[in-house]
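Subject: Structure for your review

Dear colleague,

Please find below the structure that I am handing over to you. I would be grateful if you could read the notes after it alongside the model.

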Amino acid sequence: MTKPVAIYYRILQYQSTNLLRLASEFDLRILDSPADDTASLLGIVEVLFAPLGYMVDRKKMDCCPRLKVIVSNTTGHPHIDVDYANSRGIGVACLKFAQEFLQAVTPTAELTWGLIIALTRNILPAHASVLSGKWDRRPFGASAMLSRMSLGVVGHGRLGTLVARYGRTFGMTVRYYDPFVSFSSEGAQRIDTLEALVAVSDVVTIHVPHEKETEGMFNEEVLANFKFGAYLVNTARGELLDWDALLGALRSGRLAGAALDVFEDEFSPGFADQFATHPVLTYARHHDNLILTPHIGGSTVDAWRLTEAHAIDMALNHLKGIVPDNCT
């Protein structure tokens with residue numbers, strides 16, 4: 001039986017077990033990145049593994065007359081024109097459509113709490129002080145116990161629910177803003193507007209998907225409503241922030257600190273060449289109240305292995321005509 005032709009890009013960096021599976025399930029064509037696509041290969045591809053930062057839009061799909069499935073082991077699909085794919089009868093096998101599976105994938109919520117604790121307890125500057133030969137706890141006292149602080153969760157879906165649950169375990173007052181969720185299974189209090197939520201929260205954590213409607217939602221106006229001396233944690237997407245406004249809030253003291261696992265335009269080709277001179281990185285080099293990590297929220301080996309494997313399962317099911325009701 002002829003195997004479906006699939007394009008896989010090395011920049012996806014699948015785990016070895018999943019690479020072996022790809023080779024066994026598909027007539028696999030391997031390229032470094034979509035920049036290496038050729039018209040002849042796009043003309044025969046049936047399954048396309050799509051990395052973030054490279055658009056699979058109308059133009060690209062029109063170059064793929066035999067395309068049946070676009071695969072992305074991500075929880076969002078800003079790089080895929082899903083509406084056009086639907087109009088062409090092309091399936092989109094994306095983890096956004098695998099909510100039941102994702103319930104058991106917890107590393108991003110875990111990192112969120114690692115960042116909250118590192119930020120509010122001044123762990124990084126305290127560690128740097130010890131490395132310099134000093135043993136003095138007094139400069140690193142936290143403003144308050146977590147159990148005396150309030151947590152504001154923006155986005156009360158899968159990850160927001162987990163983060164709210166952990167917050168209640170710490171004894172925090174937990175509130176959330178999500179216009180699409182009217183009830184919290186974790187007993188968090190619903191707040192009607194983002195501005196009202198940030199005004200009463202000591203720690204605000206973001207768990208919102210990147211869509212056109214959510215870009216820049218944390219703008220200068222919203223940041224101005226933050227409780228003075230609050231903390232902001234973002235493990236969602238960098239495009240949700242106005243980065244100039246963020247720097248302004250840090251410099252003014254409106255934000256006592258921020259921890260960011262994501263960056264604006266991080267998936268765009270050439271990002272690494274420009275990152276070293278970004279003003280936010282420059283600020284972080286000279287201040288100890290901003291933590292930056294390189295999008296490691298989902299970065300555990302078991303999570304990589306599981307999510308890649310599930311994306312492959314979804315692609316194979318699409319080819320067989322087995323598509324869940326909540327999947328496109």
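Please bear in mind throughout that the model is predicted.

Nonpolar cores

The largest nonpolar core holds 43 residues, and within this core Phe-49 and Ile-70 touch the most other members. Two or more residues each come from strands S1 (5-9), S2 (27-31), S3 (47-49), S4 (69-72) and S5 (91-94), and from helices H2 (39-42), H4 (82-88) and H14 (301-320). The greatest contribution is that of H14, which supplies 6 residues. Leaving aside residues up to four places away in sequence, Ile-70 is in contact with Leu-48, Ala-50, Val-56, Met-61, Ile-80, Ala-85, Ile-90, Gly-91, Val-92 and Ala-93. There is also a second, separate core of 34 residues, and among its members are Phe-218, Phe-226, Leu-250 and Leu-260.

Helix H14

The length of H14 agrees with expectation: at 1.5 Å a residue, its 20 residues should span 28 Å, and the C-alpha atoms at its ends are 29 Å apart. Its buried residues are Ala-303, Thr-307, Glu-308, Ala-309, Ala-311, Ile-312, Met-314, Ala-315, Leu-316 and His-318. These buried residues pack against helices H1 (16-25), H5 (99-102) and H6 (107-120), as well as against S3, S4 and S5. After H14 comes Gly-321, which has a positive phi near 85 degrees.

Salt bridges

The count for the model comes to 11 salt bridges. Three of them are described here.

Glu-46 and Lys-68 are joined through their side chains, with an N to O distance of 2.9 Å. Glu-46 lies in the loop between H2 and S3, and Lys-68 in the loop between helix H3 (58-62) and S4, so this pair ties together parts that are 22 residues apart in sequence. Glu-46 is buried at a relative accessible area of 10%, whereas Lys-68 is partly exposed at 39%. Both residues belong to a network of salt bridges that also includes Arg-66.

Glu-186 pairs with Arg-165, their closest N and O atoms being 3.1 Å apart. Glu-186 sits in the loop between strand S7 (173-177) and strand S8 (189-190), and Arg-165 in helix H8 (residues 158-169), so parts 21 residues apart in sequence are tied together by this pair.

Glu-266

Where does Glu-266 lie? Its place is the loop between strand S11 (255-260) and helix H12 (271-275). Glu-266 is buried and yet has no salt bridge. The nearest side chain of opposite charge is that of Arg-237, 6.0 Å away, and a salt bridge requires the nitrogen and the carboxyl oxygen to be within 4 Å. The side chain of Glu-266 does reach the backbone nitrogen of Phe-263, at 3.1 Å. With residues up to four places away in sequence not counted, Glu-266 touches Glu-239, Phe-271 and His-295.

With kind regards

Conventions: Residues numbered from 1 in each chain as written. Predicted model: local features only at pLDDT ≥ 70, side-chain atom pairs only at ≥ 80, totals over all residues. Heavy atoms only, no water. Helix = DSSP H or I, 4+ residues; strand = E, 2+ residues; numbered from the N terminus. Buried < 20%, exposed > 50% of the residue type's maximum accessible area, 1.4 Å probe, protein only. Lys, Arg positive; Asp, Glu negative; His and termini not counted. Polar contact = N/O pair within 3.5 Å; in protein donor to acceptor, adjacent residues only side chain to side chain. Contact = heavy atoms within 4.5 Å. Core = buried A, V, L, I, M, F, W, Y, C linked by side-chain atoms within 4.5 Å. Expected span 1.5 Å × (residues − 1).
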